[in-house]
Amino acid sequence: MHNQDQALIFESSTPGRIGYSLPEMDVPELDLSSLLPEGYLRSEEPELPEVSELDIMRHYTALSRRNHGVDSGFYPLGSCTMKYNPKINENVARFNGFAHVHPLQDESSVQGALELLYDLQQHLIEITGMDEVTLQPAAGAHGEWTGLMMIRAYHEANGDLKRTKVIVPDSAHGTNPASATVAGLETITVKSNEFGLVDLDDLKRVVGEDTAALMLTNPNTLGLFEENIVEMAEIVHAAGGKLYYDGANLNAVLSKARPGDMGFDVVHLNLHKTFTGPHGGGGPGSGPVGVKADLIPYLPKPVITKRGEEFVFDYDRPQSIGRVKPYYGNFGINVRAYTYIRSMGPDGLKAVTEYAVLNANYMMRRLAEYYDLPFDKHCKHEFVLSGRRQKKLGVRTLDIAKRLLDFGYHPPTIYFPLNVEECIMIEPTETESKETLDSFIDIMIQIAKEAEENPEIVQEAPHTTVVGRMDEATAARKPILKYQKA
Ligand SMILES: *Cc1c(COP(=O)(O)O)cnc(C)c1O
């Protein structure tokens, strides 16, 4: 372990100490007062830390060690797929021909980059079972919105203007209803049954002439595969609606089942989850969207296509919903995903799913003795426990999450999905070894025992981190982002 208590250097500023050197000015000095309105001119020197270059180096290195990432430890954050990001992806993304292309270069001079994007589209078409794919959206939620805008455009083109409702199960990812709203559509919630799956009777009740689409997260946020998909597809299609598949967590079904074969019309993927784009700090991401043939006219433009031996941007798409991202999507993440797919191969991708599901089920079964398991079924890539047994002892799920920090683990997702009391959503991912899974399980068991025997140690956790329990609401609403002189 590193020394967490090491003081951050910025707080020990020494007047006159300098950490940089600039060359002599070789242009005339500007008179700023002639350029800026008076109110914007400083009257005093800014108060900045005065430190040496070495001090700055140590400051940022110390800060970086306070961060938790997949490269530093286990990160079982449910629904986020914090799995290992292979370093070969980084090497390939740094190739000059990829890293140094300019987005405004003529297509004839970036044929290699376009070929990679075109090829990636073909792989994703194969993986999802759809007819065409766009790589423009920059995140999962952005993909959802793009897909819904295409569905909207499709209904409008058919003069079907009353289709304004999107049916979203209560076990869906939280971004789904948000995307529907931003796309100008209205969300209708459909309930889960006692098995944690979409209640078909409730679905039949809400579906109708105003249905634009059903948006299904599969596996749902309980980590459960929706067993009645074919029936759901029939119900929604019979009513004239489209079927949207939230495929952010495709590592649960990759190379085993394809949304296209299940009857879905639109699917989005999260290349920054399943396909190993690093996403610890919130981005950049890539959320490609696949569609069936009747939605192809509405794809965002330009569409990357092949004409003869040449790769080109096709702007001649009169029914397109337009561009959804400047330039061509987050190219670097697409390069990483492409590298991942090519280096894994079809058998490797099949193994991904098998290990993701095996790891989650192994962990779920071993923990089920110590924590409540609200849905006692085989899970897919993740599973959900409830901390209600511990809550009766005065230990909340939040306390359990904080206690995990003492052992160097990133906590799981907590209090989501909302339909499980004191929810703990764990996604081990396929890249972790059995030893890592066992160590985490042992600590979770230890915490369950502490809740019974010594609840204070859990309630007051974390004990070993630089900062203890924070007032999270104030930290988010009134963050101190400026250097404050000690
Ligand atoms: C992560 C996730 C999303 C949202 O993806 P972002 O890239 O964070 O916008 C949507 N659905 C599911 C199931 C997810 O896990």
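Me: How many salt bridges does the structure hold?
Reply: The count is 29. Keep in mind that this is a predicted model.

Me: Remind me, what lets side chains pair like that?
Reply: Opposite charges can pair when the charged atoms come close.

Me: OK, give me one. Which residue does Lys83 bridge to?
Reply: Lys83 pairs with Glu430. Their closest N and O atoms are 2.6 Å apart.

Me: Where do those two sit, and what does the pair tie together?
Reply: Lys83 is in the loop between H1 and helix H2 (87-93). Glu430 is in the loop between strand E12 (423-426) and helix H12 (434-453). So the pair ties together parts that are 347 residues apart in sequence.

Me: Are Lys83 and Glu430 buried or exposed?
Reply: Lys83 is buried, and Glu430 is too.

Me: Next one. What does Arg469 pair with?
Reply: Asp399. The closest N and O atoms of that salt bridge are 3.0 Å apart.

Me: And which parts does that pair link?
Reply: Arg469 lies in the loop between helix H13 (455-459) and helix H14 (472-477), while Asp399 lies in helix H11. The pair therefore ties together parts 70 residues apart in sequence.

Me: Why does Asp399 count as buried?
Reply: Because its relative accessible area is 3%, and buried means under 20%. Arg469 is partly exposed, at 32%.

Me: What about Asp160 and Lys162, how do they meet?
Reply: Their side chains form a salt bridge, 3.1 Å from N to O. Asp160 is buried, with a relative accessible area of 19%. Lys162 has 45%, so it is partly exposed.

Me: Which residues are linked in a network of salt bridges?
Reply: Arg366, Lys434, Asp438 and Asp442.

Me: New topic: empty space. How does anyone find it?
Reply: You roll a probe the size of a water molecule over the atoms, and that shows where space is left.

Me: How many cavities of 30 Å³ or more turn up?
Reply: Three, in a search of the whole structure.

Me: Now the outside. Which residues form the nonpolar patch on the surface?
Reply: Leu30, Leu32, Leu35, Leu36, Tyr40 and Leu41. Together they have about 640 Å² of accessible area.

Me: Where is Tyr40?
Reply: Tyr40 is in the segment before helix H1 (53-65). Its relative accessible area is 65%. Exposed means over 50%, so Tyr40 is exposed.

Me: Last one: is Pro411 buried or exposed?
Reply: Buried, at 13% relative accessibility. Pro411 lies in the loop between helix H11 (397-405) and strand E11 (413-414).

Me: How far is Pro411 from Tyr84?
Reply: 327 residues in sequence. In space, they are 17 Å apart, C-alpha to C-alpha.

How values were computed:
Residues are numbered from 1 along each chain as its sequence is written. This is a predicted model: local features need pLDDT of at least 70, side-chain atom pairs count only at pLDDT 80 or more; totals for chains, interfaces and linings use all residues. Side-chain values use heavy atoms; hydrogens and water are left out. Patches are made of residues with over 30% relative accessible area and no salt bridge: like charges are joined within 9 Å, nonpolar side chains (Val, Leu, Ile, Met, Phe, Trp, Tyr) within 5 Å. Accessible areas come from the Shrake-Rupley method with a 1.4 Å probe; for residues, only the protein chains shown count as cover. A salt bridge is a side-chain nitrogen of Lys or Arg within 4 Å of a carboxyl oxygen of Asp or Glu. Helices (H or I, at least four residues) and strands (E, at least two) are DSSP runs, numbered from the N terminus. Buried means under 20% relative accessible area, exposed over 50%, partly exposed in between (1.4 Å probe, protein chains only). On a 1 Å grid over the protein atoms alone, a cavity is a set of points where a 1.4 Å probe fits but cannot get out, and a pocket is an open set with protein on both sides within 12 Å along at least five of seven lines; lining residues have an atom within 4 Å of a point. Grid points are joined across faces, edges and corners, and a volume is the space filled by probe spheres set on the points.
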